[in-house]
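Reader: Could you walk me through a sheet and a residue in this model? I'd like the general idea before each case.

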Amino acid sequence: MLNVQCDNEIECGRRFDSKLINYMSTVPPNIVDDESSTSSVAVREGLNISLTCKAKGNPEPRIVWKRENGYNITVDRRKKVSLQGSRLGIHFSSSFLSKVFYVKKLYYTPRNAKKESPSKMHFIDPTRSTDELMRSAEKVERQHGNVLNLTKVSRADMGSYLCIASNGIPPSVSKRIVLDIEFSPTLMVPNQLVGAPLGTDVTIECLTEAYPRPISFWSFQESRNMIFPGSKYHIVSSENGYKAHMKLTIRSLSPEDYGSYRCVTKNSLGEAEGSMRIYGKNIFVYFHE
């Protein structure tokens with residue numbers, strides 16, 4: 001409905017005609033696919049990428065970017081600490097029985113320092129991820145503009161992005177762009193040494209991250225042959241996006257089952273593997289008179 005306020009009939013007619021012309025010339029927004037990014041985009045981790053969304057309409061549409069999962073958009077990553085040319089050092093402790101080394105402190109010495117004096121060593125929290133150590137980032141809930149620039153993308157940026165175009169003339173329209181971040185596999189072994197008595201079942205596990213989706217398998221001792229599920233082995237792998245949780249259960253342990261097991265994961269960009277050892281563990285039974 002067009003509302004016109006005026007003092008006389010002639011003025012009302014002129015204002016009504018003007019508003020009617022403006023109203024009839026309005027066009028709701030429409031996204032131009034030929035000038036926008038495709039519905040699926042892939043980029044290697046650590047590189048920059050720009051997502052484009054163009055829309056037409058009258059008035060000119062405004063573009064807002066959001067992530068479909070509700071997470072914030074990382075729009076700017078900048079280096080926080082540069083370790084290039086610096087000297088790295090590790091303080092560690094070890095267990096003689098398990099022969100497993102535990103990192104206590106990781107530090108770096110700037111390239112311009114002449115010696116590793118306590119005043120020159122910068123200690124790094126080992127519980128923080130590499131991404132946290134190397135970069136700080138600016139995150140926003142939404143970003144305005146036809147182009148969304150993402151710098152030094154990480155696997156956490158993977159997912160669906162929505163560009164929403166609106167100009168006050170309903171309906172608003174949106175385009176969904178899926179961003180895939182490609183990276184070589186990484187792997188973590190929660191327990192490298194597992195003790196279990198004969199005749200029991202034991203489960204070992206690996207945590208992997210990779211994209212494109214990798215091929216993952218288990219092997220025993222020096223053999224590269226895959227372990228297949230059956231009466232002896234139970235294999236489970238639960239996936240969540242680019243992450244996977246691999247579990248291998250060995251049933252009714254026999255002496256031949258003790259030894260080193262490996263989990264292996266590989267994709268077109270590389271591979272990773274982790275090893276763990278299952279050893280015998282005695283059960284002590286005490287009798288009271």
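Author: Here we take the chain, then a sheet, then a residue. This is a predicted model, where local features need pLDDT of at least 70, side-chain atom pairs count only at pLDDT 80 or more, and totals for chains, interfaces and linings use all residues. Residues are numbered from 1 along each chain as its sequence is written, and side-chain values use heavy atoms, leaving out hydrogens and water.

Reader: How many helices and strands are there in the chain?

Author: Helices (H or I, at least four residues) and strands (E, at least two) are DSSP runs, numbered from the N terminus. The chain has two helices and 21 strands.

Reader: What is the strand order in the open sheet of four strands?

Author: Strands of a sheet pair through backbone hydrogen bonds, either parallel or antiparallel. Pairing here requires at least two bridges found by DSSP between two strands. The order is E15-E21-E20-E17, with mixed pairing. E15 (193-196) and E17 (215-220) are at the edges with a single partner strand each, so one side of each lacks a neighbour in the sheet. E17 pairs with E20 (residues 259-267) in the antiparallel sense over six bridges, and Phe217 has Val264 in E20 as its bridge partner.

Reader: And which residues does Gln143 touch, beyond those up to four places away in sequence?

Author: Contact means heavy atoms within 4.5 Å. Gln143, in strand E11 (residues 143-144), touches Ile63, Val64, Trp65, Ile73, Val75 and Leu148. Gln143 and Trp65 are 78 residues apart in sequence, yet 5.0 Å apart in space, C-alpha to C-alpha.
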